[in-house]
Amino acid sequence: MGSILVTGATGQIGNALQASLANRDAVFLSREELDLSQAHQVRETLNMFPTPAAIINAAAYTAVDKAEEEEALATTINATSVGVMAEYCAKHTIPLLHYSTDYVYAGDEHEPRTESAPVNPQNAYGRSKLAGEEAVRASGCAHLIFRTCWVYDATGTNFLNTMLRLGAERELLRVVADQIGAPSYAQHLADASVAALDAAMAMESFPAGVYHMCNGGETSWHGFALAIFEQAQQRGQPIKVQQVEPIATIEYPTPASRPLNSRLSCDKLKQTFGIALPDWREGLSACMEAKEQNGWN
């Protein structure tokens, strides 16, 4: 098996993939090395490397609120450049693993969505990610599109690290309690992604398509915050916060609309590859352990 080329190497999932592929032949490209905001340069950059066995695209525009003002840029990064990458994969007959989001759905249902549920993104970020999915499919390349939600890791700019910072500074926090999903630990996503790609490439017929991939169980952002503070205190971290008040989404307006329901059914992933990610609480424990090992930086 040849090398695996990974884009977005310094992002949350990209960084986790470096650990997942530590003992494999892999090439990791940062944004400086492959800038998806420059779509015309993507094919040229890819052609500088020997043809890999597969590409994992972990690069994305993920500033959800800022995308409301920069939808053209978000679409270039999340769709146009992804399409160029997919065309490269089709030309060289290699698979593309690409990440998408629960934001392609309206989020107004009450049950976990399956992959066949109607898509209806409610913000610019979601529209750009859906356009990326469509570009991958249109290329005709062998592909795995993994829709995930609420991604976090030990070091990135994310909800977990924001809560730890604010929880050490303030006695009262107000956190949204009516958005429901599954916090998904980047390392668990990366490990499962590599396992699924390996399985897909070993199959007689490549199982191309969209799959949901997230940690098990569900909670609200408020529930996630409470669990973060509980684990931090158990690990001896100075947490100042005394009260975490649950609030409704309407009380915390943001430029981009967020789905109230981020629940994703991951049954298809399990049925196709035999893969099921651990419960979100296990993901949180693993992430907090990683933070502890790294000196809480």
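Guide: Start with length. The expected span of a helix is 1.5 Å times one less than its number of residues. Keep in mind that this is a predicted model.

Visitor: What span should helix α9 have, and how far apart are its end C-alpha atoms?

Guide: Helix α9 covers residues 280-293, which is 14 residues, so it should span 20 Å. Its end C-alpha atoms are 20 Å apart, in agreement.

Visitor: Which residues of α9 are buried?

Guide: W280, G283, L284, C287, M288, A290 and K291. Viewed down the axis of α9, the buried residues fall within an arc of 155°, so they line one face.

Visitor: Why does spacing matter in a helix?

Guide: An α-helix has 3.6 residues a turn, so residues three or four places apart point the same way.

Visitor: What do the buried residues of α9 pack against?

Guide: Their partners include the helices α5 (159-167), α6 (186-202) and α7 (221-234). Strands β6 (151-152), β9 (184-185) and β11 (219-220) are also among them.

Visitor: What caps the N-terminal end of α9?

Guide: D279 does: one of its side-chain oxygens lies 2.9 Å from the backbone nitrogen of R281. After α9 comes G295, with a positive phi near 75°.

Visitor: Now a single residue. Is H98 buried or exposed?

Guide: Under 20% relative accessible area counts as buried. H98 has 1% relative accessibility, so it is buried. H98 sits in strand β4 (residues 96-101).

Visitor: Which side chain makes a polar contact with the side chain of H98?

Guide: That of N57, at 3.0 Å. Leaving out residues up to four places away in sequence, H98 also touches others, including V82, K129 and F146.

Definitions and conventions: Residues are numbered from 1 along each chain as its sequence is written. This is a predicted model: local features need pLDDT of at least 70, side-chain atom pairs count only at pLDDT 80 or more; totals for chains, interfaces and linings use all residues. Side-chain values use heavy atoms; hydrogens and water are left out. Helices (H or I, at least four residues) and strands (E, at least two) are DSSP runs, numbered from the N terminus. Buried means under 20% relative accessible area, exposed over 50%, partly exposed in between (1.4 Å probe, protein chains only). A polar contact is a pair of N or O atoms within 3.5 Å; within protein, one must be able to donate a hydrogen and the other to accept it, and residues adjacent in sequence count only if both atoms are side-chain atoms. Contact means heavy atoms within 4.5 Å. The arc is that of the directions from the helix axis to the C-beta atoms.
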